[in-house]
Amino acid sequence: MAESFNNDFCLVPTGQGTGMRVRGISLRDALSDNLVTTLKSERAVQGVLIFSGNNDLTEAEQLRFTRAFGQTCGHPLPGIGGKNPVQDSNQQVFYLTNAL
């Protein structure tokens, strides 16, 4: 499957049978309604969207991005994953790491 382009970003197949890598979007910026609609459609078709290169988001930026796709909630199993490393953090942001 070839890359598909729409305005300033592109979608690249993962090569794993499902999912697309999303390139050219900064998650630090508010997304337009048209872009969110496009991403929701792609997620529905592809199952998974991977946003690479956006791993330094603040909690506020993370929440703004995720809320563009719908309502957020805390982790369904509180206490799973250990203590949140950020003091006074928002309980709707779940930290996952493979660092020991």
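Analyst: Start with Phe65, which is buried at a relative accessible area of 12% (buried is under 20%, exposed over 50%, partly exposed in between, with a 1.4 Å probe and protein chains only). This is a predicted model, where local features need pLDDT of at least 70 and side-chain atom pairs count only at pLDDT 80 or more, while totals for chains, interfaces and linings use all residues. Residues are numbered from 1 along each chain as its sequence is written, and side-chain values use heavy atoms, leaving out hydrogens and water.

User: Why is the pair of Phe65 and Phe69 edge-to-face?

Analyst: Their ring centres are 5.2 Å apart and the planes stand at 65°, so the pair is edge-to-face. Rings of Phe, Tyr and Trp (its six-membered ring) pair if their centres lie within 6.5 Å; planes under 30 degrees apart are stacked, over 60 edge-to-face, the rest tilted.

User: Is Phe69 buried or exposed?

Analyst: Phe69 is buried, at 19% relative accessibility.

User: How many aromatic pairs are there?

Analyst: The structure has 2. Phe51 and Phe65 form an edge-to-face pair, 5.1 Å centre to centre with 75° between the planes. Phe51, Phe65 and Phe69 make up one aromatic cluster.

User: Switching topic. Which residues does Leu39 touch, leaving out those up to four places away in sequence?

Analyst: Leu39 touches Phe9, Val22, Ile25, Leu31, Leu49, Phe51 and Phe69, where contact means heavy atoms within 4.5 Å.
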